[in-house]
Amino acid sequence: MDLSERFLNLVQQQLISFEADAAVDQIVVYIAQSKDGGAPSLEAVGQWPSSNKVFPPVETDPDLRAPSPNRRWYPLQDGSILLGVLRAERFLDGDEWPDSLDQRLHVTASILANCLGLELERRSLLDELSQQREQIGLMVHQLRNPLAALRTYAQLLL
């Protein structure tokens, strides 16, 4: 999916806001990508802390499939549609997840879900506008040919 720079910047800003919070060690945002006729996959679009490490889709990483008390998943949902997930990890053993951190991650997931929903609507509207422009261009072209023929006949009659 083609995501706008505006959306990707918003994802990074939301993730960077966790720098001051020592309770979380890693956050990754995944969005659902549909493959050609295949099952959708969850692919990373943003991470904190930033690194050059490219995270594979969730389906191909066996470590992510195993439950872990140090990992939490927060869905990015629009109604009943899963648009993606926010994954947060802590590497401290034995410590409970602070409620304030859990609430903050829920709010961040909600914000990203709303923005991702708007991003998908924007993409849909741009595609629809592009199709309408193509149709109008085709109609103008088809009208131009008969008008040119009529002009030629009118000149011949004169």
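In what order do the four strands stand in the open sheet, and is their pairing parallel or antiparallel?

**View 1. The open sheet of the predicted model is formed by four strands.** The order is β2-β1-β4-β3, with antiparallel pairing; strands pair if DSSP finds at least two bridges between them, and strands (E, at least two residues) and helices (H or I, at least four) are DSSP runs numbered from the N terminus. Because β2 (41–48) and β3 (71–78) stand at the edges with a single partner strand each, one side of each is left without a neighbour in the sheet. From one strand to the next the twist averages 25°, where axes are lines fitted to C-alpha atoms (for helices over the stretch in contact) and angles run from 0 to 180 degrees between N-to-C directions. This is a predicted model, in which local features need pLDDT of at least 70 and side-chain atom pairs count only at pLDDT 80 or more, whereas totals for chains, interfaces and linings use all residues. Residues are numbered from 1 along each chain as its sequence is written, and side-chain values use heavy atoms, with hydrogens and water left out.

**View 2. Strand β1 (residues 26–33) pairs with β2 and with β4.** Seven bridges join β1 to β2 in the antiparallel sense; I31 stands opposite E43 of β2, and A32 has L42 of β2 as its bridge partner. Between β1 and β4 there are six bridges, again antiparallel, and I27 is partnered there by A88 of β4. Seven of the eight residues of β1 are buried, that is, under 20% relative accessible area, while exposed means over 50% and partly exposed lies in between (1.4 Å probe, protein chains only).

**View 3. A cis peptide bond links W48 to P49.** Its omega is near -5°, and P49 is found in the loop between β2 and α2 (62–65).

**View 4. L143, L147, L150, Y153 and L156 make a nonpolar surface patch of about 600 Å².** Patches are made of residues with over 30% relative accessible area (Shrake-Rupley method) and no salt bridge, nonpolar side chains (Val, Leu, Ile, Met, Phe, Trp, Tyr) being joined within 5 Å and like charges within 9 Å; a salt bridge is a side-chain nitrogen of Lys or Arg within 4 Å of a carboxyl oxygen of Asp or Glu. L143 lies in helix α3 (residues 99–157), and L143 counts as exposed because its relative accessibility is 56%.

Conventions. Areas by Shrake-Rupley, 256 points an atom, 1.4 Å probe, with all protein chains shown as cover.
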